[in-house]
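Have the structure open as you read.

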Amino acid sequence: MLGWFAQNARDLPWRHTRDPYAIWVSEIMLQQTQVKTVIPYWKRWMRELPTIEAVAKARSEKIHKLWEGLGYYTRARNLQKAAKQIIVKHSVKSKSRRRRGNESQIKRKLETPSAFARLRRDKHVVSYKFPDNFDDVLALPGIGRYTAGAICSIAFNQPTPILDGNVIRVLTRVFGIGENPREKKTNAQLWQLAEELVAHAKTQRLKTFAGFAPLREGNSCSFFNQSLMELGALVCTPRNPQCKICPVKKLCVAFREGRVGELPNLGKRKTATARRIVAFVVERHGRFLVRQRPAGAVNAHLWEFPNVEIHPNPSGSPAKRVQSAHYSRKKSQSRLTSAATIQKHDWEIIHAAKSLGIEPATLQPLCTVKHSITRYRIALDAFHVHLGGVSTARPHLKRAMSGTRITRHSGNNGVWLTPVQLRKLAFTAAHKTILNKLQ
Ligand code: SF4
């Protein structure tokens with residue numbers, strides 16, 4: 001495996017460093033995201049926030065903007081929380097009494113809510129050390145067993161096991177494990193195998209391999225774990241694995257027994273649930289109405305155009321089509337005659353707009369963005385709206401009409417912004433696509 005890795009490892013930017021911070025960022029970004037997508041994000045993040053201290057001090061708007069488009073934004077927020085925790089809990093003690101005094105003052109300051117804002121303003125320099133103990137790494141926010149194992153093995157060459165989707169696929173096939181790896185017992189068995197393998201790798205003396213430049217002596221745990229992931233990504237793929245060129249085909253039970261297609265046995269997939277959302281790009285005097293998602297919601301703190309979920313099936317019962325909208329069907333149909341660009345059966349769109357306090361004079365279909373989040377298959381229909389007035393049903397939008405200031409947490413009280421201002425904000429991936437359509 002090590003020889004194969006030396007010859008075949010992809011030259012990825014985070015493989016040129018042993019800096020645990022850089023490796024940590026790459027591992028968090030790679031969760032649920034493909035390598036080729038992550039590369040430019042990782043480079044930009046490391047350029048803008050080259051140290052843990054820089055992450056801890058960064059404004060949350062900057063963190064969200066750098067993560068914009070990667071999805072699962074809790075990952076970015078946890079990165080910042082963990083960075084702050086590292087500085088508070090793992091600050092390095094100085095030998096100088098004066099410096100020690102300063103450090104304890106800074107540490108005390110950091111424990112107050114606005115501490116990092118002050119730290120940013122005061123330009124303090126903090127000494128800290130990324131923890132090199134598995135339990136300490138695991139205790140950081142947003143770091144689970146896999147990520148802690150990956151950081152400790154890749155950065156510190158410790159024999160800590162890793163088990164992600166790629167490794168599960170390789171191990172179930174090589175060892176011919178037919179039980180569902182999501183089941184507790186089988187999952188524990190796989191962790192045990194991964195642990196034994198990396199412990200064995202530690203006893204191996206690494207030769208100097210010709211091939212991948214960063215492969216150095218004394219990194220056998222790091223490279224063994226990476227070779228497992230790399231084999232799963234490049235050779236032992238979910239469909240059409242390339243067994244003929246696989247370095248472990250002679251050991252592989254699934255290959256020998258012709259069970260490659262059956263493994264891993266992940267059981268039946270849950271069927272995806274369809275959801276439909278309508279978003280309104282409301283324009284007035286060259287400005288657009290946007291709002292910030294509230295704390296605690298999915299994609300919290302990101303920006304979006306006003307939107308509402310409606311019944312996914314247009315032929316469903318009209319009463320169920322528009323959530324939280326109170327309307328009179330007769331009145332809505334008369335309004336349709338003035339919205340010439342909307343088809344007759346789309347009267348529900350008008351009511352969705354009204355449920356948000358928007359009275360459209362005209363509505364034009366802008367685009368449909370299809371995406372999946374966990375088990376939901378979401379279709380987001382965006383409409384360009386020219387206003388005819390503002391419904392009295394949602395006075396908060398009326399208030400928003402006069403305001404253009406960006407508040408840090410505007411909640412559902414939208415603000416009117418120019419395209420230049422919009423580009424500075426972090427949008428959810430689907431709403432970023434809508435924004436790009438406007439340019
Ligand atoms: Fe995967 Fe085939 Fe290699 Fe077995 S022989 S580990 S199934 S690629």
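How many nonpolar, polar and charged residues does the lining of the second largest pocket have, by class? That lining has 13 nonpolar, 13 polar and five charged residues. Ala, Val, Leu, Ile, Met, Phe, Trp, Tyr, Cys and Pro count as nonpolar, Asp, Glu, Lys and Arg as charged, and the others, Gly among them, as polar.

This is a predicted model, in which local features need pLDDT of at least 70 and side-chain atom pairs pLDDT 80 or more, while totals for chains, interfaces and linings use all residues. Residues are numbered from 1 along each chain as its sequence is written, and side-chain values use heavy atoms, without hydrogens and water.

| Pocket | Volume |
|---|---|
| Largest pocket | about 1600 Å³ |
| Second largest pocket | about 850 Å³ |

A pocket is an open set of points on a 1 Å grid over the protein atoms alone, where a 1.4 Å probe fits, with protein on both sides within 12 Å along at least five of seven lines; lining residues have an atom within 4 Å of a point. A volume is the space filled by probe spheres set on the points, which are joined across faces, edges and corners.

The largest pocket is lined by 45 residues. Leu 30, Asp 164, Gly 165, Asn 166 and Arg 169 lie nearest its centre. The lining divides into 18 nonpolar, 15 polar and 12 charged residues. α13 gives the most, with seven residues. Helices are DSSP runs (H or I, at least four residues), numbered from the N terminus.

Helix α2 (residues 20-30) and helix α3 (residues 35-48) pack with their axes 10 Å apart. Axes are lines fitted to C-alpha atoms over the stretch in contact.

Technical notes. Axes are lines fitted to C-alpha atoms, for helices over the stretch in contact, and angles run from 0 to 180 degrees between N-to-C directions. Helices (H or I, at least four residues) and strands (E, at least two) are DSSP runs, numbered from the N terminus.
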